[in-house]
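Please look over the structure below before reading on.

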4 protein chains.
Amino acid sequence: MVSHMGLVGLGKMGHNMRERLRRAGIEVTGYDPRPEVSDVESLADLVAALPGPRRVVWVMVPAGEPTRGVVTELGGLLGDGDVVVEGGNSHYPEDQARAAELAERGIGYVDVGVSGGIWGLENGYGLMCGGDAAHVELLMPVFDALRPEGPRDEGFVHAGNVGAGHFAKMVHNGIEYGLMQAYAEGYELLSAKTDVVTDVHGTMRAWKRGTVVRSWLLDLMVKALEEDPRLAAIDDWVADSGEGRWTVDEAIDNAVPLPVISAALFARFASRQDDSPAMKAVAALRQQFGGHATKPSAE
Amino acid sequence: MVSHMGLVGLGKMGHNMRERLRRAGIEVTGYDPRPEVSDVESLADLVAALPGPRRVVWVMVPAGEPTRGVVTELGGLLGDGDVVVEGGNSHYPEDQARAAELAERGIGYVDVGVSGGIWGLENGYGLMCGGDAAHVELLMPVFDALRPEGPRDEGFVHAGNVGAGHFAKMVHNGIEYGLMQAYAEGYELLSAKTDVVTDVHGTMRAWKRGTVVRSWLLDLMVKALEEDPRLAAIDDWVADSGEGRWTVDEAIDNAVPLPVISAALFARFASRQDDSPAMKAVAALRQQFGGHATKPSAE
Amino acid sequence: MVSHMGLVGLGKMGHNMRERLRRAGIEVTGYDPRPEVSDVESLADLVAALPGPRRVVWVMVPAGEPTRGVVTELGGLLGDGDVVVEGGNSHYPEDQARAAELAERGIGYVDVGVSGGIWGLENGYGLMCGGDAAHVELLMPVFDALRPEGPRDEGFVHAGNVGAGHFAKMVHNGIEYGLMQAYAEGYELLSAKTDVVTDVHGTMRAWKRGTVVRSWLLDLMVKALEEDPRLAAIDDWVADSGEGRWTVDEAIDNAVPLPVISAALFARFASRQDDSPAMKAVAALRQQFGGHATKPSAE
Amino acid sequence: MVSHMGLVGLGKMGHNMRERLRRAGIEVTGYDPRPEVSDVESLADLVAALPGPRRVVWVMVPAGEPTRGVVTELGGLLGDGDVVVEGGNSHYPEDQARAAELAERGIGYVDVGVSGGIWGLENGYGLMCGGDAAHVELLMPVFDALRPEGPRDEGFVHAGNVGAGHFAKMVHNGIEYGLMQAYAEGYELLSAKTDVVTDVHGTMRAWKRGTVVRSWLLDLMVKALEEDPRLAAIDDWVADSGEGRWTVDEAIDNAVPLPVISAALFARFASRQDDSPAMKAVAALRQQFGGHATKPSAE
């Protein structure tokens with residue numbers, strides 16, 4: 001069982017996780033390229049600091065190249081019986097590829113989807129993991145320290161083999177896109193008719209208890225409206241991480257209809273366009289057949 | 001302040017509400033056409049049983065004709081200073097019309113959106129109301145008895161004038177459509193890849209704490225999967241009440257884009273079709289231009 | 001059979017129609033409030049100019065109040081056996097209401113959906129009408145003059161009773177929204193990858209003959225790109241007339257799933273928003289749970 | 001310039017193309033595994049039959065493995081200066097990979113998207129190609145024989161380097177999905193209100209001339225309704241080839257919103273489900289919170 005582990009990546013998520021693990025009595029040696037937050041000077045130092053056998057290094061860096069780089073470097077530093085935990089947002093086929101590489105050197109690999117954002121330090125993190133049962137068992141004290149209080153199986157799942165954790169997290173995030181867009185559309189419709197519902201913030205706050213739509217996201221929506229009742233300081237520009245895209249790609253590969261999640265994804269794409277080529281084309285067509293003016297000059 | 005009120009309609013919702021009100025010490029005389037649940041034999045008897053002045057009758061019958069009928073009949077039985085509460089799912093312009101009719105006789109009208117389903121008896125009901133401040137104040141003991149424990153403004157709102165309660169409830173239900181469809185799409189995608197995520201029920205259960213998608217609907221989804229892990233006994237046929245439709249209609253009237261909520265509504269329509277004329281047309285087109293076989297004979 | 005008719009409304013459509021009718025040898029007295037295009041000074045003068053019996057006045061003014069006003073005024077000027085033709089874009093229940101009013105005075109009513117835009121003068125107009133067979137027969141020379149060359153039933157239909165013409169036109173326009181958006185999305189995707197397809201205009205022009213997607217709208221798209229290969233002078237702001245909205249409303253009333261047409265409608269709504277309240281809400285939610293920056297300051 | 005070419009794959013498309021090429025005076029040696037349609041017994045025989053230099057073999061077999069197999073085999077049979085034409089529906093990155101392989105042996109590669117279905121024999125095929133200008137020039141007599149009559153650039157485009165032809169065809173097919181679904185939704189809405197529009201077939205036929213929605217797909221829709229006015233013999237089950245999926249995948253990779261085309265794709269997925277897991281989940285949720293019956297027993 002793990003009592004001292006390594007943690008690579010001390011950004012918004014990793015930093016808080018180190019703190020939560022330490023509060024739970026787990027010794028953590030953290031590495032980050034920024035010396036002001038790092039416990040050691042290099043990945044090699046981090047690995048050297050860990051007691052064997054069965055050393056554990058949790059990787060918490062951006063998906064794609066950064067994660068690939070760290071995991072590959074760890075592959076050269078760790079050895080038989082050690083375990084790498086990928087806690088970032090890797091695409092699940094990446095997990096399967098990385099695990100196969102590490103397996104050649106006897107190094108285990110567990111992928112973990114971690115949900116909870118900046119609130120995880122206090123509330124705990126929802127965890128979905130994939131990998132071998134033996135590796136998962138080894139990591140159980142770590143998972144127990146990170147997950148929320150309450151029954152273990154309401155904040156943690158060993159969802160399947162390597163890749164299952166990030167697959168589950170990918171779907172989780174796809175759902176999240178849909179949920180957020182649903183609340184957002186409702187908010188917009190309320191806001192469009194303040195002659196009827198005069199108190200939008202109060203109305204959404206009243207949904208916090210007893211209603212069918214109560215949720216943590218709703219609580220956050222209410223909090224946002226408390227701080228800024230018309231969201232006047234918020235730009236209508238919404239980023240998307242890879243996971244919403246992967247969710248829709250995966251659905252297409254499996255012939256699963258995903259109208260709501262894809263609509264939420266496309267709304268984000270559109271939110272970032274200053275000028276929509278598609279809508280220019282529609283405007284051009286209307287002008288061609290109907291002699292319709294494009295955008296009225298008064299606007 | 002109300003200590004004895006009338007309640008018309010003792011179905012799934014009304015029956016539970018009577019019970020919750022009584023537990024809170026409010027005297028309730030209930031009327032329902034089914035004698036086995038009714039406290040009195042007629043609406044007239046119900047009104048006669050209530051102490052004046054400022055009698056209160058809460059109506060909890062299906063929207064449309066049934067509600068119109070009861071409210072109109074109450075208009076003939078009640079008088080100046082009394083208040084009718086429409087707690088069903090009326091379309092908000094109906095509220096405004098009914099209120100105007102009752103106002104001619106000095107009778108007040110408050111519309112209340114009630115959320116919480118069969119769980120409201122134990123958990124309390126989320127309440128959104130519209131009407132005059134004086135009427136709402138009169139009803140406050142009733143609202144306090146029905147709403148969930150906790151801060152009043154997290155389970156109750158006076159959202160605006162007559163119609164505001166049902167407008168808020170309409171939007172609430174529209175959001176609900178979107179939320180349900182988002183979870184459902186995620187469930188389907190997980191279910192399509194059980195070679196990766198081997199434990200769908202366990203995965204969704206692990207989302208109950210700490211994650212961004214945690215919600216009461218998720219809790220219910222997990223409960224449904226506990227009872228029937230593949231939902232084998234559930235038909236893929238989904239009804240829709242009027243409120244999802246009204247939400248989209250309202251959005252269209254106000255030029256509010258509603259891609260997610262409308263997609264959820266259309267998915268329900270499609271779920272009830274044995275045979276989709278539109279998809280027959282697409283199949284016919286493919287056959288026309290490509291000589292494509294329509295449904296393979298092996299199916 | 002009609003040889004001399006009245007035409008009210010000499011805007012973009014009406015003006016061209018008068019010309020096409022005259023070229024076909026039909027005498028037309030036109031009225032418009034703008035004296036420079038009008039043949040007479042008032043509606044009364046127009047009616048007075050027409051030979052009886054069975055006078056025909058075609059109304060070609062904007063839907064809603066303007067059409068209602070003209071038809072009502074004509075109801076006072078015309079009499080038994082005369083016929084009003086509503087050639088604008090009235091909502092079909094309006095037709096049914098107007099027809100019932102005129103019927104009380106023995107005046108017939110035919111609703112006609114007219115498609116073809118500014119090209120109709122040269123190409124002819126596609127016509128869909130609703131009304132009594134006797135009225136339609138009376139109007140046949142007018143329809144034959146307006147419709148395109150070719151078999152009558154490929155440019156004209158008597159689709160049913162009063163209202164059928166505008167119902168058919170409403171659905172026609174709903175389809176049109178979907179078609180335009182489909183081409184527009186394809187155009188945008190081509191434009192996003194000019195490292196692969198280096199000639200967007202040439203590619204779409206090559207679709208004009210032989211392909212499955214060839215159509216009149218495609219021809220117009222190519223024409224627009226000929227004039228402005230990147231649509232640089234076109235704003236991405238798209239109006240919508242009522243007919244797309246009515247199409248979706250009608251589908252909702254009939255539980256018909258309309259994912260494509262509704263998506264096209266919502267894309268237009270979104271195109272006109274400077275600031276999307278819904279996307280502000282999504283951005284606010286992301287900021288709340290993830291500490292995500294909203295729109296990067298560099299943008 | 002090519003006067004004698006090879007053609008591999010004599011299915012629905014290839015067979016007709018051989019015929020159209022021969023009618024235009026181009027000598028074609030065709031190979032297909034089915035001896036009854038094949039001109040030679042093997043690919044090797046086909047290559048042997050072609051005059052050099054700069055032999056041309058057009059491949060017209062299903063995308064994926066079959067195409068990869070044939071192209072690879074041709075790579076072993078052809079040599080410096082020869083050209084392979086991939087006329088099937090390969091994904092454009094496949095083209096780029098195949099072209100790179102063949103280039104190592106001095107063999108050219110041109111990808112061509114071919115549209116027109118079974119009507120191409122008579123009407124000609126819309127052609128979009130990608131590759132080197134010299135190869136395209138060599139193939140020009142072939143393209144001219146296959147394309148429709150009329151200006152060359154209205155039925156043919158050299159859209160860019162290798163891959164551009166199939167990229168253009170992919171987008172073409174994505175648009176096609178959207179167009180078909182738009183007509184199909186309109187057809188369904190008309191069919192839902194035959195109390196208003198009594199003649200659905202006649203109405204759509206009347207759109208063939210003069211209207212904004214006129215197109216070749218509309219002509220086919222009318223033809224289908226002529227043969228079967230209610231599409232009674234057509235199953236509502238719609239296949240999808242890879243190209244619709246690739247279109248949406250590509251849009252996601254490029255952050256291009258594609259609400260209409262994706263909705264059309266998802267409608268096809270849904271059309272093939274006997275039982276929708278997502279809608280079972282929605283039904284289960286409704287049952288959980290509202291005690292709503294799932295599918296009424298009367299249905």
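The briefing below takes one chain, then two interfaces, and then a single residue.

This is a predicted model, in which local features need pLDDT of at least 70 and side-chain atom pairs count only at pLDDT 80 or more, while totals for chains, interfaces and linings use all residues. Residues are numbered from 1 along each chain as its sequence is written, chains are lettered from A and ligands numbered from 1 in the order in which they are written, and side-chain values use heavy atoms, with hydrogens and water left out.

**Chain A**

- Chain A has 12 helices and 7 strands, where helices (H or I, at least four residues) and strands (E, at least two) are DSSP runs numbered from the N terminus.
- Its C-alpha atoms fill a box of roughly 75 × 45 × 40 Å along the principal axes, and of the 299 residues of chain A, 64% count as buried (under 20% relative accessible area, with a 1.4 Å probe and protein chains only).
- Among contacts (heavy atoms within 4.5 Å) in chain A between residues at least 6 apart in sequence, 64% join residues at least 24 apart.

**Chain A with chain B**

- The contact draws 71 residues from chain A and 71 residues from chain B, and the area buried between them, meaning the accessible area (1.4 Å probe) that two parts lose on being put together, summed over both, is about 6,000 Å², with carbon and sulfur atoms giving 69%.
- In chain A, the residues that lose the most area to chain B are A:Leu189, A:Arg209 and A:Val212, which together account for 12% of what that side buries.
- The interface of chain A and chain B holds 8 salt bridges (a side-chain nitrogen of Lys or Arg within 4 Å of a carboxyl oxygen of Asp or Glu), and one of the salt bridges joins A:Lys208 to B:Glu154, with the closest N and O atoms 3.8 Å apart.
- Helix 7 of chain A gives the most to the side of chain A that touches chain B, with 18 residues.
- A rotation of 180° with 0.0 Å of shift along its axis superposes chain A on chain B at an RMSD of 0.0 Å, by least squares on the C-alpha atoms of residues with pLDDT of at least 70 in both; that is the relation of a two-fold axis.
- In chain A, the C-alpha nearest the axis belongs to A:Ser215, 2.0 Å from it.

**Chain C with chain B**

- Here the contact takes 20 residues from chain C and 20 residues from chain B, and the buried area is about 1,600 Å², of which carbon and sulfur atoms give 72%.
- In chain C, C:Ile252, C:Pro257 and C:Phe266 lose the most area to chain B, together 40% of what that side buries.
- The count between chain C and chain B is 0 salt bridges.
- Because 100% of the interface residues of chain C are also interface residues in chain B, the copies meet through the same surface.
- Of the residues of chain C, C:Asp249 comes closest to the rotation axis, its C-alpha being at 3.1 Å.

**B:Ser262**

- B:Ser262 lies in helix 11 (residues 259–271) of chain B, and B:Ser262 counts as buried because its relative accessibility is 3%.
- The side chain of B:Ser262 reaches the backbone oxygen of B:Leu258 at 2.8 Å.
- Leaving aside its neighbours within four places in sequence, B:Ser262 is in contact with B:Val248, C:Ser262 and C:Phe266.

Key. Buried < 20%, exposed > 50% of the residue type's maximum accessible area, 1.4 Å probe, protein only. Polar contact = N/O pair within 3.5 Å; in protein donor to acceptor, adjacent residues only side chain to side chain.
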